[in-house]
Amino acid sequence: AGWAARARSPQALAYTQHTNTHMRASACLSYAQRGPLFSRLQPAVPPAEEWARHGGELASELCGGAAATAAAPEELGTAAAARIFHLYLPLYFWCLGRARQAPTGRAVGIGISAPQGCGKTTLVDTLVGRFAADGLVCAAASFDDFYLTHEAQRELAAAHPTNRLLELRGNAGSHDVALGTATLRALLDREAEVAVPRYDKAAHGGRGDRAPEEAWHVQRDPVDVLLFEGWMAGFAPA
């Protein structure tokens, strides 16, 4: 499907109610072209109107009333403009291209890898919203969702008393691989009513524990895109 054939679901239409309609398409594309990620979109660069539509919506969400009448990215301020047009939208359009190439009947899975504390979750939340604006269902999961239970982590540490990397959660080996595999496979197979675990990092004095099942997120609808974020996404076992 081409850009003009974009699905317009009720969720997507709801986003248009808050769109900044003043953004000039040519100004948005010109600003985006100066960013470091723009070349990665070649040769399928989205049309200028898509940069303006998504850029206007993000500006309204991130900058509030100050963005309501901005006609060009520069009017949002350097930091906000770069965040929207040099980071969020190039990444979104790249992901959208992969989603449109997915085989029929299966979701596309995309890993988001970056150091801890640098904004992976904020980025993923933004991408989920952009997919919704284009009528696509996007689910998000984190490596953190699949940590071992508190008791299982204690047992792992006791079984390897000389390995400090397994003493606490966080490193490879401290995840429930079977649970993660089953959950991700169900989402990628576009199953409905998939329960996605949640992890409570504050439990047991900060040592953490898996949240009770009633606190898990249930993905009601089959997904088109699955974003899986974690600091070691894409790492290959040694």
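1. Basis. The model is predicted, so that local features are taken at pLDDT of at least 70 and side-chain atom pairs at pLDDT 80 or more, while totals for chains, interfaces and linings use all residues. Residues are numbered from 1 along each chain as its sequence is written, and side-chain values use heavy atoms, with hydrogens and water left out.

2. The sheet. Three strands make an open, parallel sheet in the order β1-β7-β2; strands are DSSP runs of E with at least two residues, helices are runs of H or I with at least four, both numbered from the N terminus, and two strands count as paired if DSSP finds at least two bridges between them. Because β1 (108–112) and β2 (138–142) each have a single partner strand, they stand at the edges, and one side of each lacks a neighbour in the sheet. From one strand to the next the twist averages 20°, with axes fitted as lines to C-alpha atoms (for helices over the stretch in contact) and angles running from 0 to 180 degrees between N-to-C directions.

3. Pairing of β1 and β7. Strand β7 (residues 225–229) pairs with β1 in the parallel sense over five bridges, and Gly109 stands opposite Leu226 in β7.

4. Helices on the sheet. Helix α5 (residues 120–133) packs on the sheet and touches β1, β2 and β7, its direction making about 175° with that of β7; contact here means heavy atoms within 4.5 Å. Helix α7 (residues 177–188) also lies across β1, β2 and β7, and runs at about 155° to β7.

5. Nonpolar cores. A nonpolar core is a set of buried Ala, Val, Leu, Ile, Met, Phe, Trp, Tyr and Cys residues joined through side-chain atoms within 4.5 Å, where buried means under 20% relative accessible area with a 1.4 Å probe and protein chains only. The largest core has 36 residues, of which Trp51, Leu76, Phe85, Phe131 and Val225 touch the most other members. Helix α4 gives the most to this core, with eleven residues. A second, separate core of 16 residues includes Ala139, Leu188, Val223 and Ala233.

6. The α4 and α5 pair. These two helices pack at an angle of about 60°, with their axes 10 Å apart, which makes α4 oblique to α5; oblique covers what remains once angles under 35 degrees (roughly parallel), over 145 (roughly antiparallel) and 65 to 115 (roughly perpendicular) are set aside. Among the residues that meet are Tyr88, Leu89 and Tyr92 in α4, and Leu123, Leu127 and Phe131 in α5.

Note on methods:
Buried < 20%, exposed > 50% of the residue type's maximum accessible area, 1.4 Å probe, protein only.
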